[in-house]
Amino acid sequence: MIRHRRKVIYLLGFMGSGKSTVGKLLARTLGWPLIDLDEVIEAGQGLSIRDIFENSGEPFFREIERAALTEASKTEPVVIALGGGTFAQPSNVELIRQAGGTTVWLDCPADVLRARCQGMENRPLFRDEQSFAQLLKERTPYYDLADFRIPTEARKPEEVVEQILSLRVF
Ligand code: S3P
């Protein structure tokens with residue numbers, strides 16, 4: 001039986017992997033709307049991600065992230081740029097599977113990710129090199145559950161979009 005894939009593309013990957021940038025370009029190319037989960041969360045709370053973490057802690061952030069993901073998954077067609085931790089929560093992996101879209105992991109080498117995240121103010125989980133490496137290690141087995149892995153090293157966002165479109169699954 002051929003599974004019907006809903007026209008929902010989830011972009012996932014570690015912080016700095018280019019989800020938002022590629023998401024914008026992919027959505028524009030397809031003529032689909034983009035939902036950037038972090039932006040939705042910030043708009044909903046009227047606070048930056050950093051302030052949400054500082055004021056209310058990560059468990060609260062994960063709760064509202066899940067609510068935003070649930071809501072976003074009802075849209076079709078849509079490109080959804082997840083946060084770096086969204087697909088590393090088992091219950092979210094399940095929710096996304098149930099939603100029946102396509103998951104695409106933007107896989108980027110650790111040193112490139114680190115260089116991109118350094119000096120960025122709005123990434124509360126980017127503390128130091130060691131915890132960064134540890135988090136990446138813990139999350140990679142989850143990212144590996146994605147339907148597709150796109151190596152993004154040294155690729156321009158346009159090329160990454162080309163690659164995603166060439167998957168021809170939607
Ligand atoms: C997070 C990544 C961030 C944001 C929040 C938590 C994470 O998104 O959702 O700071 O757990 O890795 P980006 O991947 O867009 O930076």
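## The ligand and its pocket

The space taken by the ligand is the largest pocket, where a molecule counts as sitting in a cavity or pocket if more than half of its atoms lie within 2 Å of its grid points. This is a predicted model, in which local features need pLDDT of at least 70 and side-chain atom pairs count only at pLDDT 80 or more, while totals for chains, interfaces and linings use all residues. Residues are numbered from 1 along each chain as its sequence is written, and side-chain values use heavy atoms, with hydrogens and water left out.

A pocket is found on a 1 Å grid over the protein atoms alone, as an open set of points where a 1.4 Å probe fits, with protein on both sides within 12 Å along at least five of seven lines. The largest pocket holds about 600 Å³ of space, a volume being the space filled by probe spheres set on the grid points, which are joined across faces, edges and corners.

## The lining of the pocket

The largest pocket is lined by 29 residues, and Met 15, Lys 19, Asp 38, Asn 122 and Arg 123 are those nearest its centre; a lining residue has an atom within 4 Å of a point. By class, this lining divides into 10 nonpolar, 9 polar and 10 charged residues, with Asp, Glu, Lys and Arg counted as charged, Ala, Val, Leu, Ile, Met, Phe, Trp, Tyr, Cys and Pro as nonpolar, and the others, Gly among them, as polar.

At least two lining residues come from each of α1 (19-30), α2 (37-45) and α3, and the largest share, 5 residues, is supplied by α3. Helices here are DSSP runs (H or I, at least four residues), as are strands (E, at least two), numbered from the N terminus.

## Contacts with the ligand

Around the ligand are 13 residues, of which Lys 19, Asp 38, Arg 62, Arg 123 and Arg 139 come nearest, a residue being near if one of its heavy atoms lies within 4 Å. This shell has 5 nonpolar, 3 polar and 5 charged residues, and its largest share, 3 residues, comes from helix α3 (residues 49-72).

Polar contacts are pairs of N or O atoms within 3.5 Å. A polar side-chain atom of Arg 139 lies 2.6 Å from an oxygen atom of the ligand, and a polar backbone atom of Gly 84 is 2.8 Å from a ligand oxygen.

Key:
A polar contact is a pair of N or O atoms within 3.5 Å; within protein, one must be able to donate a hydrogen and the other to accept it, and residues adjacent in sequence count only if both atoms are side-chain atoms.
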